[in-house]
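I opened this model to look up a few places in its fold. My notes follow in the order I made them.

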Amino acid sequence: MTIKLAIADENAAYVERLKKVLEEYEDISLYAYTEKKELEQALASKHFDALLFDPSIYDGRSLGKSTLAVMLAGDAAEIPEYCRELQGIHKYQRISRIYQQVLELCAEISRDAGNVVGQGSVTSIAFYSPAGGVGKTTLALAAAARLAAQGGRTLYLNLEEAASEDCCLPQSADKGMSELVSCLGQKVNFAMKVQGLLQNKTENLYYFNHFGSPNDIYEMSGEELEELLEQLAKTRLFDFIVIDMGISMDRKFLHVFEYADKIVLVEKADDMAVRKLNCFLAQVHIMKEYGRKMARVLNFDMGRGSMLSTEVPLIGRINAAQSPDAAQFVAMLAQDAGSGYLTQLLSI
């Protein structure tokens with residue numbers, strides 16, 4: 001879906017700055033007006049999905065119901081009384097953030113659940129370990145970064161109760177996954193909502209802010225979690241979804257196993273980690289249902305090899321590193337042969 005967006009402001013330099021950035025987004029068809037008369041003629045003859053306007057050029061009172069009127073607000077003291085009840089966006093902020101806010105607002109009035117710009121199928125890869133401290137998040141982030149570097153539009157999705165990816169992916173105070181979860185079952189354009197909430201670290205690697213609270217995960221049912229994953233895939237905004245799972249294994253997270261195309265078990269040659277992974281592999285009902293999707297990666301390899309006896313194939317070994325910086329280590333894995341297990345994984 002392409003949004004027909006009109007910008008109206010008498011400040012020509014400001015409008016030009018907005019145009020320069022917003023024209024780079026493929027899902028926006030942009031129109032700009034700096035004179036009242038020209039704007040009035042356009043509103044009389046054209047239909048826009050949204051109008052960003054400064055009160056100096058438009059009063060926001062005569063648009064049809066199908067057009068979203070969004071005021072470009074500067075100082076609160078400058079907002080006219082008749083505009084106080086309209087939606088507003090602070091005009092002096094990053095233009096990429098203005099773009100995100102426009103998408104969020106449009107998603108609320110656009111009931112079309114269709115795609116925004118995406119096409120093609122999605123491959124989902126879940127990373128799991130029943131033990132903490134084995135480097136699961138590090139390998140999931142490295143896999144996502146590697147897939148993105150190879151040109152795949154890749155979403156990194158953290159489902160841990162206590163997320164830790166902020167060591168590599170900057171977080172902000174903006175809305176994140178909590179806002180997306182709240183949209184499930186609502187009549188909103190989900191694809192547009194996703195675009196409005198995504199952060200972009202590199203050209204092809206996308207992620208959400210942390211969940212607002214651990215309760216966002218605890219309170220989700222398995223059906224809701226699977227619906228979230230399915231809705232993300234249906235947007236067709238991504239070629240790959242890399243899912244960083246928590247260490248628990250309840251019925252809810254079995255829905256992730258059901259949804260995932262591939263499952264990576266992260267292994268560490270540590271007595272406690274091996275015991276926990278062996279207990280997991282001994283669950284016959286899980287292995288019968290999902291074992292065919294599974295592969296193992298041995299992390300912190302010290303040359304001793306795997307301590308497990310299982311038919312789940314070992315497709316990669318990551319050497320131990322001495323006190324690595326997390327972000328640098330992820331970048332290194334994403335660039336060198338250490339992440340070559342991805343090639344094998346995608347061929348299974």
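**R296 and its surroundings**

I began with R296, and, leaving aside neighbours within four places in sequence, I found it in contact with L265, E267, S306, L308, T310, V312, P313, L314, I315 and G316. Contact here means heavy atoms within 4.5 Å. R296 has its place in strand β12 (residues 294–301). Helices (H or I, at least four residues) and strands (E, at least two) are DSSP runs, numbered from the N terminus. R296 counts as buried because its relative accessibility is 5%. The terms I use are buried for under 20% relative accessible area, exposed for over 50% and partly exposed in between, with a 1.4 Å probe and protein chains only.

**Basis of the entries**

This is a predicted model, in which local features need pLDDT of at least 70 and side-chain atom pairs count only at pLDDT 80 or more, while totals for chains, interfaces and linings use all residues. Residues are numbered from 1 along each chain as its sequence is written, and side-chain values use heavy atoms, with hydrogens and water left out.

**Helix α10**

Next I looked up helix α10 (residues 271–281), whose buried residues are A273, V274, L277, F280 and L281. Seen down the axis of α10, these fall within an arc of 120 degrees, so they line one face of the helix. The arc is that of the directions from the helix axis to the C-beta atoms. On the face turned away from the buried side I noted the exposed residues D271, M272, R275 and C279. The cover over the buried residues of α10 includes β6 (123–128), α9 (251–259), β11 (262–268), α11 (284–290) and β12.

**Strand β4**

Which residues of β4 are buried on each side? I found L68, V70 and L72 buried on one side and A69, M71 and A73 on the other. In a regular strand the side chains alternate between the two faces of the sheet. Strand β3 (residues 50–53) pairs with β4 in the parallel sense over four bridges; two strands pair if DSSP finds at least two bridges between them. A50 has L68 in β4 as its bridge partner. Strand β5 (residues 87–90) runs parallel to β4 and is joined to it by four bridges, with H90 of β5 opposite A73.

**Whole chain**

Last, I noted that the protein chain has 13 helices and 13 strands, and that 50% of its 348 residues count as buried.
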